[in-house]
Amino acid sequence: MTRLKVEAKDNKEVSHLIQSAIQAEIKRIEIGLNSTKKIISELEKKYGVSSEKFVKDFAAEDLKGKDEEYAKWAGELKLKKRMEADLKKLKEVEIENVAA
């Protein structure tokens, strides 16, 4: 968990702005994550393998699109992992108002 302490003249307003910004970023990440998951799912269906098997057993030569498609799939998996981690961190943020 992350706790943010807000010390400002207008604590409630500032806290609300921070919370709104965090919620907007959460929404942006969720939209990107859904898009990434869709791309990964399409690649899994196209090649009939899970992403776990792809990472473990596949090389660029195994894919019809060769290097480009391999890089795309690997990149989307890396992006998904990062977005999930960022999303988890943002959802754990608590804001605490401190008297100014």
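Guide: Let's start with Thr 36, which counts as buried because its relative accessibility is 3%, where buried means under 20% relative accessible area, exposed over 50% and partly exposed in between, with a 1.4 Å probe and protein chains only. Please keep in mind that this is a predicted model, in which local features need pLDDT of at least 70 and side-chain atom pairs count only at pLDDT 80 or more, while totals for chains, interfaces and linings use all residues. Residues are numbered from 1 along each chain as its sequence is written, and side-chain values use heavy atoms, with hydrogens and water left out.

Thr 36 lies in helix α1; helices here are DSSP runs of H or I with at least four residues, numbered from the N terminus. Leaving out residues up to four places away in sequence, Thr 36 touches Glu 76, Leu 79, Lys 80 and Met 83, where contact means heavy atoms within 4.5 Å.

Now for the helix itself. Helix α1 covers residues 11–47, 37 residues in total, and reaches 53 Å from its first C-alpha to its last. That is close to the 54 Å expected at 1.5 Å a residue, the expected span being 1.5 Å times one less than the number of residues. Its buried residues include Ile 26, Leu 33, Ile 40 and Leu 43. After α1 comes Gly 48, with a positive phi near 65 degrees.

Some of these residues belong to a nonpolar core, meaning a set of buried Ala, Val, Leu, Ile, Met, Phe, Trp, Tyr and Cys residues joined through side-chain atoms within 4.5 Å. The largest nonpolar core has nine residues, among them Ile 40, Leu 43, Tyr 47, Trp 73 and Leu 77. Two or more of its residues come from each of α1 and α3 (66–91), and α1 gives the most, with three. A second, separate core of seven residues includes Ile 26, Leu 33, Met 83 and Leu 87.

Beyond its neighbours within four places in sequence, Ile 40 is in contact with residues including Ser 51, Trp 73 and Leu 77. Ser 51 is in helix α2 (residues 51–57) and counts as buried because its relative accessibility is 5%. Its side chain makes a polar contact with the side chain of Glu 44 at 2.7 Å, and another with the side chain of Trp 73 at 3.1 Å. A polar contact is a pair of N or O atoms within 3.5 Å; within protein, one must be able to donate a hydrogen and the other to accept it, and residues adjacent in sequence count only if both atoms are side-chain atoms.
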